[in-house]
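Me: I have a new structure open and would like a quick tour. Can you take my questions as they come?

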Amino acid sequence: MTDVTGFDFQDLDINALADAAGRVAVFVPPEGTMNQSVRRLNKLTRGAVLRVLESEEFAKAKDADVLSISWPNGMSAEAVDIVKLAKRPDALTARKAGAALAKLGGGQKKSLLLILAGLNKNAAEIVQGIALRGYAFNDHKTSVEDTAKAGVTVMSTNPEGLEDLCKGPLAVAEGVFLTRDLVSQPANVLTTSQFALRAEALRDVGVEVEILDEDKLAELGMTAMLAVGQGSVSPSKLAVMQWNGGEDGEAPLALVGKGVVFDTGGISIKPSGGMEEMTMDMGGAAVVTGVMKTLALRKAKANVVGLIGLVENMPSGNAYRPGDVLTSMKGDTIEVITTDAEGRLVLCDVMWYAQERFNPVGMIDLATLTGAIIIGLGHDNAGVFSNDDTFADQLLDAARAEGEGAWRMPLGEGYNEAMNSSIADMKNAGGRAAGSCTAAAFLERFVKDETRWIHIDIAGVASVAKPTAMAPKGATGWGVMALDRMIRDGFEV
Ligand code: BES
Ligand code: MN
Ligand code: ZN
């Protein structure tokens, strides 16, 4: 059976090796012990495999490294990929081995025959690594060559069992792919309305979805969020996605995402150089949407609600301006210092709504909120702010287990004071010092005392210029895996 991520699980058949097309991958432990498939490949290649295993390169290779034999004699395949992998690798190393195969092109441009016989321990991690690293965003490539994707045939002595084991990890990969797709789409394609439609598409997998339009948002008093979007012809929208796989009536975990489909800066317009990157300013909303898809696909036994504020920040004759004073849904007033500090204006209303309506057991917001977090942490770690150490540790532990960088950042009275305004209850920008911390302090003003809350600034990690361990360059999907694991480990019944 083949699923949408292109994996086909079959019985091990060593007679199929000679005629396999594309790439063939096998796993060999550091001792160089050959299993039946490796012995067959060695025979077909008249000893080439053994020469690799006895080479200095193999001895020096690290766990999860790949040594390839190109255009092997005696076979149809273009390459035999020999992966050095300990018998009992940890999960991330196994995933890395899969990613290394995908990086060589296996399963993408070239079909991949993956022999996982005898490797059921963490075989699903290998499969997930191939899927994650094999992702490509080709929606806007017109040539067939660019868009064609070869598949992966997985051979195992227990294909049904392995396929079952892979269901969860592949559901996670699908959530990651949705997030990456959304982040990668340009703003003329992924308008607020189009994003809302993609959220609504999650109904197909069982998520309950509501879209609140501008009239409804005005009625609710979400003036801060509406102000950000008022200069755009694209209408502002709030999507509420509910997955209720847990106990009936139990309060949900709330995930809130910043969904600025494009951030020009508004009247406080950004410099033109690099502005095209602001198509990723809906990264927080994309992570929330991706997590909701994963939870539904794997039928998570948890109640989770995802809320995403979809707006476009444009300059226009109708745009909000610096100096404007806005009244938030909470009732607190905000002096606009710069229209480029728009994400917090969206989040403050959506967070307030999330707490008022759902009284959640915890609230996590994700946002490409500040350039300052890139100065502080670069592209390896997201910034994590929280009012609850235990809750924060749950997220940090999950991120570590999934290999997604996350680093705790401080809140505090000093940062909070920096947001005081002389004419309103607060202002929306606190100056150059500690820009990420003052942004978090702004958000903290909209967190109720009893709400456990985490704010994750993903400006540095949502989209990157270089490939990461598990993603090609561009959108990473950072956070889908960490949040899914956090929910699996701490919120499922
Ligand atoms: N969307 C940006 C933050 C951002 C910058 C994300 C670079 C990804 C890459 C955000 O809306 C913004 O403009 N923040 C300002 C805040 C400042 C005006 C207080 C910033 O970081 O400069
Ligand atoms: Mn901005
Ligand atoms: Zn922004």
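Me: Before the details, what kind of model is this?
Reply: This is a predicted model.

Me: OK, start with the zinc ion (ligand 3). Which residues coordinate it?
Reply: Lys258 (NZ), Asp263 (OD), Asp281 (OD) and Glu342 (OE) coordinate the zinc ion (ligand 3). The distances run from 2.0 to 2.4 Å.

Me: What is the arrangement of the donor atoms around the zinc ion (ligand 3)?
Reply: Octahedral. There are six donor atoms, and they subtend angles of 78 to 174 degrees, which makes the arrangement octahedral.

Me: How are those donor residues spaced in sequence?
Reply: The pattern for the zinc ion (ligand 3) is K-x4-D-x17-D-x60-E. Lys258 and Glu342 link distant parts of the chain, 84 residues apart. Lys258 is in strand S9 (residues 253-263). Glu342 is in the loop between strand S12 (333-335) and helix H12 (343-358).

Me: Are Lys258 and Glu342 buried or exposed?
Reply: Lys258 counts as buried because its relative accessibility is 1%. Glu342 is buried too, with a relative accessible area of 1%.

Me: Now the manganese ion (ligand 2). What are its protein donors?
Reply: They are Asp263 (OD), Asp340 (O), Asp340 (OD) and Glu342 (OE). These donors lie 2.1 to 2.2 Å from the manganese ion (ligand 2).

Me: And what is the geometry of that site?
Reply: The site of the manganese ion (ligand 2) is irregular. Its six donor atoms make angles of 71 to 167 degrees.

Me: Which residue bridges the two metals?
Reply: Asp263 does. The manganese ion (ligand 2) and the zinc ion (ligand 3) lie 3.2 Å apart. Asp263 is in strand S9 and Asp340 is in the loop between S12 and H12, so the pair ties together parts that are 77 residues apart in sequence.

Me: Change of topic. Which residues touch the most other members of the largest nonpolar core?
Reply: Phe27, Leu114, Leu116, Ile364 and Ile456 do. That core has 89 residues. Helix H7 (residues 159-184) gives the most to this core, with ten residues. The core draws at least three residues from each of domain 1 (7-157) and domain 2 (173-490).

Me: What does Ile364 touch?
Reply: Leaving aside neighbours within four places in sequence, Ile364 contacts Leu253, Ala254, Leu255, Val256, Phe391, Ile454, Ile456, Leu483 and Met486. There is also a second, separate core of 42 residues. Val256, Val346, Met351 and Ala354 are among its members.

Me: Where is Ile456?
Reply: Ile456 lies in strand S17 (residues 453-457). Ile456 is buried, with a relative accessible area of 0%. Ile456 and Phe385 are 71 residues apart in sequence, yet 6.4 Å apart in space, C-alpha to C-alpha. Beyond four places in sequence, the contacts of Ile456 include Ile364, Leu366, Leu395 and Trp478.

Me: You mentioned domains. How far apart are the C-alpha centres of domain 1 and domain 2?
Reply: They lie 38 Å apart. The contact takes 13 residues from domain 1 and 20 residues from domain 2.

Me: How many residues of helix H5 are buried?
Reply: Eleven of its eleven residues. Helix H5 covers residues 123-133. Glu125, Gln128 and Arg133 are among the buried residues.

Me: What about Ser156, buried or exposed?
Reply: Ser156 counts as buried because its relative accessibility is 0%. Ser156 is in strand S6 (residues 152-156). The side chain of Ser156 reaches the backbone nitrogen of Asn158 at 2.9 Å.

Me: Last one. Where does Lys427 lie?
Reply: Lys427 lies in strand S16 (residues 426-427). At 23% relative accessibility, Lys427 counts as partly exposed. Lys427 touches Ile334, Glu335 and Phe442, among others. Lys427 and Phe442 are 15 residues apart in sequence and 8.4 Å apart in space, C-alpha to C-alpha.

Notes
Residues are numbered from 1 along each chain as its sequence is written. Chains are lettered from A and ligands numbered from 1 in the order in which they are written. This is a predicted model: local features need pLDDT of at least 70, side-chain atom pairs count only at pLDDT 80 or more; totals for chains, interfaces and linings use all residues. Side-chain values use heavy atoms; hydrogens and water are left out. Donors are N, O and S atoms within 2.8 Å of the metal (3.2 Å for Na, K and Ca); water is not among the atoms, so sites may look incomplete. Four donors count as tetrahedral if all angles lie between 85 and 135 degrees; four count as square planar and six as octahedral if opposite donors are over 155 degrees apart and all others between 65 and 115; anything else is irregular. Helices (H or I, at least four residues) and strands (E, at least two) are DSSP runs, numbered from the N terminus. Buried means under 20% relative accessible area, exposed over 50%, partly exposed in between (1.4 Å probe, protein chains only). A nonpolar core is a set of buried Ala, Val, Leu, Ile, Met, Phe, Trp, Tyr and Cys residues joined through side-chain atoms within 4.5 Å. Domain bounds come from an automatic or database domain assignment. Contact means heavy atoms within 4.5 Å. A polar contact is a pair of N or O atoms within 3.5 Å; within protein, one must be able to donate a hydrogen and the other to accept it, and residues adjacent in sequence count only if both atoms are side-chain atoms.
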